[in-house]
2 protein chains.
Amino acid sequence: MEHALKDALERSAVVLCSGGLGPTFDDLTRECASKVLKKPLIFSQKILDRIQAKFKAVGRPMAAENARQAYVLKGASPIINSVGTAPGQIIPVKAKTVFLLPGPPSELAPMMDSTVLPFLRKKSPNVFSKTLVLHIFGYPESEIDEVIEPVISRNWNSPGVAVIFGILAHRSIIDVKVTVQSKSSAADRKVLADIRKALYGILGDKIYGEDEETLESVVGSLLKKKGLILSLAESCTGGLLASKITRIAGSSDYFHRGLITYSDASKIDLLGVKHQTLKKFGAVSEETAREMALGCLKRSGSNWALSVTGIAGPSGGSKEKPVGTVCFGVASRAGVKTFTKHFNYGGRAQIQERAALTALDTLRKAIRL
Amino acid sequence: MEHALKDALERSAVVLCSGGLGPTFDDLTRECASKVLKKPLIFSQKILDRIQAKFKAVGRPMAAENARQAYVLKGASPIINSVGTAPGQIIPVKAKTVFLLPGPPSELAPMMDSTVLPFLRKKSPNVFSKTLVLHIFGYPESEIDEVIEPVISRNWNSPGVAVIFGILAHRSIIDVKVTVQSKSSAADRKVLADIRKALYGILGDKIYGEDEETLESVVGSLLKKKGLILSLAESCTGGLLASKITRIAGSSDYFHRGLITYSDASKIDLLGVKHQTLKKFGAVSEETAREMALGCLKRSGSNWALSVTGIAGPSGGSKEKPVGTVCFGVASRAGVKTFTKHFNYGGRAQIQERAALTALDTLRKAIRL
């Protein structure tokens with residue numbers, strides 16, 4: 001840690017450290033910074049009072065260990081932690097500045113917004129930077145890379161304007177990231193709008209959302225805007241699809257019920273799937289997916305119903321239906337469509353994840369027009 | 001990247017790099033290593049053939065970009081990637097060794113097991129290291145730190161044996177980590193067993209699992225061992241609890257159905273919750289949780305049923321029932337118990353997560369004896 005801090009200070013005018021401000025014996029960032037920056041740790045009664053008040057407010061005794069969080073480096077300004085107990089610290093080091101920030105994202109993010117970003121903005125008043133992230137589901141990274149190559153290789157730079165492209169695959173989602181840096185926010189916006197248009201021209205409907213959007217937030221917004229109610233019948237995704245939908249605040253406006261029908265008996269009882277269908281085609285079949293979706297639609301009285309039934313593995317596969325075989329049903333008052341996907345790499349969790357995202361993306365395409 | 005690689009090589013005899021071996025323009029680890037280690041990149045037809053075969057096997061055309069993955073540093077030995085397309089590389093640098101490894105955990109982990117760990121073991125035949133991680137749910141980190149302090153501060157070291165303790169809080173789970181390093185694996189095991197005993201002596205039932213175990217895997221094993229069937233009635237967790245249960249391979253042995261009853265009407269229809277109960281006590285009440293659990297138990301014919309109903313927020317809270325109020329029901333043939341928790345920090349996702357884990361940990365304690 002000492003080496004890393006020294007190294008960062010050599011390279012940069014501002015160093016952000018996150019984590020290691022907790023109360024336990026292995027939270028050592030304060031001590032490390034104190035040693036490297038040669039500034040002693042000073043006890044602050046004011047900070048201790050604040051920590052004790054936090055514990056009192058939630059009706060818990062404060063452990064003695066938490067007193068460690070009341071120490072700040074000499075000359076440092078504390079940053080109030082609105083969520084947890086550890087304050088952040090701003091430490092001037094000659095012309096440079098070191099920030100000590102908490103590790104948990106819920107504590108870090110408010111400090112970034114309230115203190116660190118305004119500090120950086122003030123330090124560089126003439127540097128503007130704007131980032132756009134486009135999200136794509138269900139296509140290989142190398143394919144997306146290939147088709148957008150003409151946009152990336154075009155020369156977007158001009159005096160005072162620099163463009164940086166990035167492409168990142170995490171699981172089955174591809175993010176195309178564009179950052180424009182310039183000396184005026186108007187130039188930023190103009191260049192970014194042009195690039196956005198060029199990328200949509202190539203990728204179109206493959207892009208399901210931008211920036212903070214997720215498949216479930218985009219689908220949720222569409223359902224809400226159109227006043228539609230969705231219900232779910234899940235087998236192999238086992239609640240993951242419903243969990244994604246209900247992660248979104250306000251999802252009760254468009255999602256009222258979901259059925260996790262993991263066994264054959266529950267598919268019959270809860271969705272009205274016919275015993276013969278299960279016997280003849282199996283639980284993992286488009287025929288079963290069709291009856292699951294239709295039964296779910298009818299019994300819930302919703303506008304749309306999605307069904308998912310498949311083999312998430314690692315066991316349960318056969319030659320005809322290997323692990324990764326997943327059947328989907330999408331039902332609305334207009335009728336029902338079914339299809340099958342073969343997720344032929346990744347383990348159980350990845351198959352479940354891709355099945356849930358496939359269902360969401362299919363619904364998005366079905367209701368978006 | 002160049003700076004980081006140089007820096008690591010100065011400090012260490014073995015350097016592991018992970019990530020940046022993908023096919024796209026911003027995957028630069030190969031080029032970076034080539035430059036720092038002054039070894040040119042050489043095209044390998046054999047590796048290209050293997051990548052092409054992978055694409056053929058899944059019936060997809062290979063994008064031209066993937067050919068970038070067929071380059072290895074001069075003198076490097078490739079490591080076969082059994083999951084993805086990018087091979088790893090072992091690069092001897094005088095007496096030191098640099099490994100280039102893929103970033104996705106599903107590709108990285110098999111290479112660690114097959115190649116990197118055996119390499120390290122061979123390099124240090126007389127160093128043994130064994131780690132134990134104990135998992136605890138629902139207690140503050142500082143409290144756990146305080147009670148285990150006597151174990152941590154005891155002197156476990158002896159000639160040739162070094163013990164390292166760590167404690168890590170992520171969300172509402174605390175991990176206590178103990179690593180023993182020694183010159184014989186027998187000594188390792190003995191010391192680790194003694195420390196384990198001491199920690200269990202203090203923490204007891206608070207520990208829900210060890211090492212790779214999760215709350216859902218522990219609960220699943222208990223249900224399976226005892227031949228019990230679980231069913232779920234979820235409101236505010238919206239499928240998250242079922243999703244955790246079904247993440248475990250083989251969960252169909254003990255989980256057959258789950259109901260996500262997000263609306264009042266679905267609680268009445270699917271679980272038989274009484275209209276009057278909802279009207280008099282509200283959807284978020286122990287009375288509703290009780291009827292949800294009992295209705296779920298009865299209609300599913302399972303041995304145990306869990307219900308969760310609460311206010312995940314950000315809106316929907318009131319003075320009497322603020323955001324974070326969650327009511328639980330645990331029903332078995334022996335009867336039903338209900339209780340209420342107030343999760344008074346964290347956002348929607350954290351409240352849902354803690355509610356799901358609380359339900360699992362409550363069930364664990366109920367069935368473990």
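## A walk through a two-chain predicted model

B:Asp211 is exposed, with 11 other C-beta atoms within 10 Å around it. A residue counts as exposed here if that number is 12 or fewer. You will find B:Asp211 in the loop between β10 and α7 (215-226) of chain B. Its backbone deserves a look too: B:Asp211 has a positive phi of about 50° although it is not a glycine. Please keep in mind as you read on that this is a predicted model.

**Backbone details in loops**

B:Lys38 also has a positive phi, near 55°, and is likewise a residue other than glycine. The loop that holds B:Lys38 runs between α2 and β2 of chain B. B:Lys38 is exposed, with 9 other C-beta atoms within 10 Å.

There are cis peptide bonds to point out as well. In chain A, the bond from A:Gly313 to A:Pro314 is cis, and A:Pro314 sits in the loop between β13 (304-310) and β14 of chain A. In chain B, B:Gly313 and B:Pro314 are joined by a cis peptide bond, with B:Pro314 in the loop between β13 (304-310) and β14 (325-332) of chain B. The table puts these backbone angles together.

| Site | Angle | Value |
|---|---|---|
| B:Lys38 | phi | near 55° |
| B:Asp211 | phi | about 50° |
| A:Gly313 to A:Pro314 | omega | near 5° |
| B:Gly313 to B:Pro314 | omega | about 5° |

**Helix α2 of chain B**

Helix α2 (residues 29-37) of chain B has as its buried residues B:Thr29, B:Arg30, B:Ala33, B:Ser34 and B:Leu37. Looking down the axis of α2(B), these buried residues fall within an arc of 135°, so they line one face of the helix.

**A four-stranded sheet in chain B**

Further along chain B, four strands make an open sheet in the order β8-β9-β7-β10, with antiparallel pairing. Its edge strands are β8 and β10 (207-210) of chain B, each of which pairs on one side only. From one strand to the next, the twist averages 20°. Inside this sheet, β7 (residues 128-137) and β9 (residues 173-182) of chain B pair in the antiparallel sense over ten bridges; B:His135 has B:Asp175 in β9(B) as its bridge partner. Helix α6 (residues 185-203) of chain B lies across β7, β8, β9 and β10 of chain B, and runs at about 15° to β7(B).

**The sheet that spans both chains**

An open sheet of ten strands has the order β15(A)-β14(A)-β13(A)-β11(A)-β12(A)-β12(B)-β11(B)-β13(B)-β14(B)-β15(B), with mixed pairing. At its edges stand β15 (335-342) of chain A and β15 (335-342) of chain B, each with a single partner strand, so one side of each has no neighbour in the sheet. Ignoring direction, neighbouring strands are turned by 10° against each other on average.

Is β11(A) enclosed or open? Five of its five residues are buried, so β11(A) is largely enclosed by the rest of the structure. Both of its faces are covered: A:Leu230, A:Leu232 and A:Glu234 are buried on one side, and A:Ser231 and A:Ala233 on the other. β11(A) pairs with β12(A) in the parallel sense over five bridges, and there A:Ser231 stands opposite A:Arg257. Across the chain boundary, β12 (residues 255-261) of chain A and β12(B) pair antiparallel over five bridges, where A:Arg257 stands opposite B:Thr261.

**Where the chains meet**

In total, 53 residues of chain B are in contact with 53 residues of chain A. On the chain B side, the largest share, seven residues, comes from β12(B). By class, that side has 23 nonpolar, 19 polar and eleven charged residues.

**Nonpolar cores**

The largest nonpolar core has 131 residues, and those with the most contacts inside it are A:Ala293 and B:Ala293. Apart from it lies another core of 20 residues, among them B:Val15, B:Cys17, B:Leu37 and B:Leu108.

Definitions and conventions
Residues are numbered from 1 along each chain as its sequence is written. Chains are lettered from A and ligands numbered from 1 in the order in which they are written. This is a predicted model: local features need pLDDT of at least 70, side-chain atom pairs count only at pLDDT 80 or more; totals for chains, interfaces and linings use all residues. Helices (H or I, at least four residues) and strands (E, at least two) are DSSP runs, numbered from the N terminus. The arc is that of the directions from the helix axis to the C-beta atoms. Two residues are in contact if their C-beta atoms, placed from the backbone, lie within 7 Å. Ala, Val, Leu, Ile, Met, Phe, Trp, Tyr, Cys and Pro count as nonpolar, Asp, Glu, Lys and Arg as charged, and the others, Gly among them, as polar. Two strands pair if DSSP finds at least two bridges between them. A nonpolar core is a set of buried Ala, Val, Leu, Ile, Met, Phe, Trp, Tyr and Cys residues joined through C-beta atoms within 7 Å. Axes are lines fitted to C-alpha atoms, for helices over the stretch in contact, and angles run from 0 to 180 degrees between N-to-C directions.
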